[in-house]
Amino acid sequence: SFTISLDYMKFIISSSELLKNLQILGSILNTNNTLPILDNFLFDINNNDLTITSSDLETTLSSRISIESTINAKAAIPAKLLIDVLKSLPEQPLTFSLDNNILEINSNNGKYALSYMNGDEFPKSVILEDASEIDFDSQVLLNIINSTIFASGNDDLRPVMSGVFFQINSEGSCFVATDAHKLVKYVRNDISSENSIEFIVPNKPLNILKSIVPEKKSELKVLFNNTNAIFNFSTFKLTCRLIDGKYPNYEAVIPKENPNVLEIDRRQLLSSAKRASIFSSKTTNQVKFEIKGNLLQITAEDLDFNNKAEETLECNYNGDDISIGFNSRFIVEMLNNLSSDLVKIELSSPNRAGLISPVHQSNKNEDITMLVMPIMLNWIL
């Protein structure tokens, strides 16, 4: 009888490098996959190149690693099992041998065997037809994601809001996220395109990009068509399905006339809002801003438990006395995602949205506006 020698079907790889890549790729995996093959990582070995892929059908991430090998093979290897084994091993070179649907891993002081599936059954990667391309600086893309994604929604009934709207034309670019209670509009004048580009990237791929795009300045290529986008950078390639549908007219909800303008130290306001939120009602998270002269009084109350907080901060204010209620969680998120020392809050009336923006933009190429809807004050003013 004829048997393939195991020496032929093997490759050697660093355990820690493999684990680092698999933990990143594992962020794609769902706990309740409809296709059992999606509980696996696809290993595609091409001589000294190993490409590992994970997918949930909507989002696919692959990573390229150098290995010692002379083989060409594909195998779908159980993701959770493999990560658990690697987590428990110290850094060392591991030898992987593939034979007859059994993967054997040889370490310094042991060997482990697990069964794998045929790699050809793994969903094929998307080929983009009629694709356009745009380049981003990796730091800029990180800024775009960090500045917007916290404001996007996750409502299945409004899928277009469960992502970030990319809008790029010859004059510049605008990135918008909203969940109908809060909205962020982030404008860049250093990204433009002769053709008008509009697409909505879902939250999941953006959150993954946020954790893996290198912070040091590097180039990142984005290919896209009407249905999909591919982000290529360093050794990673992320492919995602774009959200289908028309993004809401966000300009229509941003109030233009806001005569009451408050300027205040961002860190002070952030600390104060955090403390007040501890005492707010757990159902509404409501805090009240009461502005008179150059004083801002922040109050929170939880009537069910008789908890109450009250703080007074100094500010610069031009406008009429006003009392307005906000969800403290939204205020804290927005202030956390700004970096300027001073912020400006623009208000028109207690039942209209307030705008929060930095007083001084740290970067001349960007402009950021955050909108927060008020909560109608439901306790004595």
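## Strands, helices and cores in a predicted model

Strand E2 (residues 40-46) and strand E3 (residues 49-55) run antiparallel to each other and are paired over five bridges. The model described here is a predicted one. Along this pairing, Ile45 stands opposite Leu50 in E3, and Asn46 stands opposite Asp49. The hairpin of E2 and E3 has two residues between the strands, and in this hairpin Asn47 takes a positive phi near 55°.

On to the next strand: E3 and E4 are antiparallel as well, joined by seven bridges, with Thr51 having Arg64 in E4 as its bridge partner. The hairpin of E3 and E4 has three residues between the strands, and here Leu57 takes a positive phi near 80°. Because five of the seven residues of E3 are buried, this strand is largely enclosed by the rest of the structure.

These strands belong to an open sheet of nine strands, with antiparallel pairing, in the order E10-E6-E2-E3-E4-E18-E17-E16-E11. Strand E10 (117-118) and strand E11 (132-137) stand at the edges with a single partner strand each, so one side of each has no neighbour in the sheet. Helix H1 (residues 15-25) packs on this sheet, where it touches E2, E3, E4 and strand E18 (236-241), and its direction makes about 170° with that of E4. Helix H3 (residues 138-148) also packs on the sheet, touching E11, strand E16 (219-224) and strand E17 (228-233), and its direction makes about 90° with that of E11.

Within strand E4 (residues 59-66) lies Ser63. Is Ser63 buried or exposed? With a relative accessible area of 1%, Ser63 is buried, because a residue counts as buried when this value is under 20%. The side chain of Ser63 is joined to that of Asn21 by a polar contact of 2.4 Å. Leaving aside residues up to four places away in sequence, Ser63 touches Asn21, Leu25, Leu50, Thr51, Ile52, Thr235 and Phe236.

| Paired strands | Sense | Bridges |
|---|---|---|
| E2 and E3 | antiparallel | five |
| E3 and E4 | antiparallel | seven |
| E19 and E25 | antiparallel | six |
| E25 and E26 | antiparallel | four |

In the pairing with E25, Val261 has Glu346 as its bridge partner, while Val343 has Pro358 in E26 as its bridge partner. A hairpin of six residues joins E25 to E26.

Helix H6 (residues 328-336) has as its buried residues Ser328, Phe330, Ile331, Val332, Met334 and Leu335. The N-terminal end of H6 is capped by Asn327, which has a side-chain oxygen 2.8 Å from the backbone nitrogen of Arg329.

In soluble globular proteins, nonpolar side chains tend to be buried together. The largest nonpolar core of this model has 100 residues, and those with the most contacts inside it are Leu22, Phe43, Phe136, Phe231, Leu269 and Phe289. Apart from this core lies another, of 14 residues, among them Val160, Phe165, Tyr247 and Leu355. Which residues does Leu269 touch, not counting residues up to four places away in sequence? Leu269 touches Ile264, Phe289, Leu296, Ile298, Leu313, Leu335, Val343 and Ile345. One of these, Leu335, is among the buried residues of H6, and another, Val343, is the bridge partner of Pro358.

Notes:
Residues numbered from 1 in each chain as written. Predicted model: local features only at pLDDT ≥ 70, side-chain atom pairs only at ≥ 80, totals over all residues. Heavy atoms only, no water. Pairing = 2+ DSSP bridges. Buried < 20%, exposed > 50% of the residue type's maximum accessible area, 1.4 Å probe, protein only. Polar contact = N/O pair within 3.5 Å; in protein donor to acceptor, adjacent residues only side chain to side chain. Core = buried A, V, L, I, M, F, W, Y, C linked by side-chain atoms within 4.5 Å. Contact = heavy atoms within 4.5 Å. Axes fitted to C-alpha atoms, helices over the stretch in contact; angles between N-to-C directions.
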